[in-house]
Amino acid sequence: MENDFLYLSEEDVDFLIGDNYSMVEDVVVEALEHYYHGQALMPDKISLIFDKKNQNRINCMPASITPKNIYGTKWVSVFPSNRSKGIKNVEGFSFLSETVTGKLLCMMNSSITTSLRTAAVGSLAARYLASANTKTIGFIGAGEEAKSHFLLLMNTFPNINTCKFSARDIEDTSALINELEKDYPTVNFIDCKDDYQKAIEASNIIVTAISSQDPVLKADWIEDGMLYIHVGGREDEDEVALKATKIVCDSWEAVKHRTQTLSQMYVNNIIDDSNIYADLHEIIEGKKPGRENEKEFIYFNSVGLSVIDSLLSYKIYELAREKNIGTLLKK
């Protein structure tokens, strides 16, 4: 109806995605293709930081995809200080419009899609950058982002048999392990509590799924053959990146304008363009090789691209229409 738009709650979105993690990863590939072939517009993310120490912020992330005639904007708050209040630290909503008449098509809760699309970018990178013999993952962080990365990485590497979790709050690690081991009985989950080094050492893939401004990942823990998936902010020492055989980003140009470790190293003239091996799409398209041997330590930086959010919102909207899910609201 002309004066209606569809609303999708968090429960609706969860139902529509289910465990179809391959669909989310396919969206990442398609979105990157659109963007890097000039079929999308993606302005810089607008981020208002209200607390520099904790990096409490609200982000506005717009992007349009020309062949689909869609424009999406994600409005997401990230408040790491919420942990001390016992409430979620990430909350997001996406707005989807068509670009023929400008009509609003859908508003949806995007808290789930935010964590899943980030994890899908990481798992996609791991297809090309991780060791083919990957069996062990080590996490710093045991929240929703860590859970999503585990689920997506298991989808990519079903032979993973060991997963180690560590976190500042040791109750988080035990709670997440208790949740996951019911569905993954063949995986040996190791509760490293707040011992980050134990979680990292001897892992094929390491993930820092935290919102931190402290360099908790130490360069001395890095071993040959590892893939490091950097998700959050400033959670690793500069020397970690400097040890890398290859540094790969989802978008180096986008990273330059953010506040992550690589961003700060760039601003401080510690690294420059020449230190970046590739953007992920160059490897997907075969323009550059991914992992070339089992000795390489590869650093992957995921900054988060709104073009992926917009396309994922559109795919979910299409599924909702097909399955008659959601609530029509009057404008």
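I start with pairing: two strands pair if DSSP finds at least two bridges between them. Helices (H or I, at least four residues) and strands (E, at least two) are DSSP runs, numbered from the N terminus.

Ground rules for myself. This is a predicted model, where local features need pLDDT of at least 70 and side-chain atom pairs count only at pLDDT 80 or more, while totals for chains, interfaces and linings use all residues. Residues are numbered from 1 along each chain as its sequence is written, and side-chain values use heavy atoms, with hydrogens and water left out.

Entry 1, strand β11. I looked up the partners of β11 (residues 205-208). Strand β12 (residues 227-230) runs parallel to β11 and is joined to it by four bridges; there T208 has H230 as its bridge partner. Strand β8 (residues 136-140) also pairs with β11 in the parallel sense, over four bridges, and I137 is bridged to I205.

Next I checked side chains. In a regular strand they alternate between the two faces of the sheet. In β11, I205 and V207 point one way, I206 and T208 the other, and all are buried (under 20% relative accessible area; exposed is over 50%, partly exposed in between, with a 1.4 Å probe and protein chains only).

I found R127 in helix α3 (residues 111-129). R127 counts as partly exposed because its relative accessibility is 42%. Beyond its neighbours within four places in sequence, R127 is in contact with E25, T156 and F157 (contact means heavy atoms within 4.5 Å). T156 is 29 residues from R127 in sequence, yet their C-alpha atoms are 7.0 Å apart.

How do α3 and helix α4 (residues 144-156) pack? Their axes are 8 Å apart, at an angle of about 40°. Axes are lines fitted to C-alpha atoms, for helices over the stretch in contact, and angles run from 0 to 180 degrees between N-to-C directions. The two helices are therefore oblique to each other; under 35 degrees counts as roughly parallel, over 145 as roughly antiparallel, 65 to 115 as roughly perpendicular and the rest as oblique. Residues of α3 that meet α4 include L116, S123 and R127, and those on the α4 side include H149, L152 and T156.

I get an angle of about 115° between α3 and helix α11 (residues 306-323), with axes 11 Å apart. T113, R117 and V121 of α3 make the contact with I308, D309, L312 and I316 of α11.
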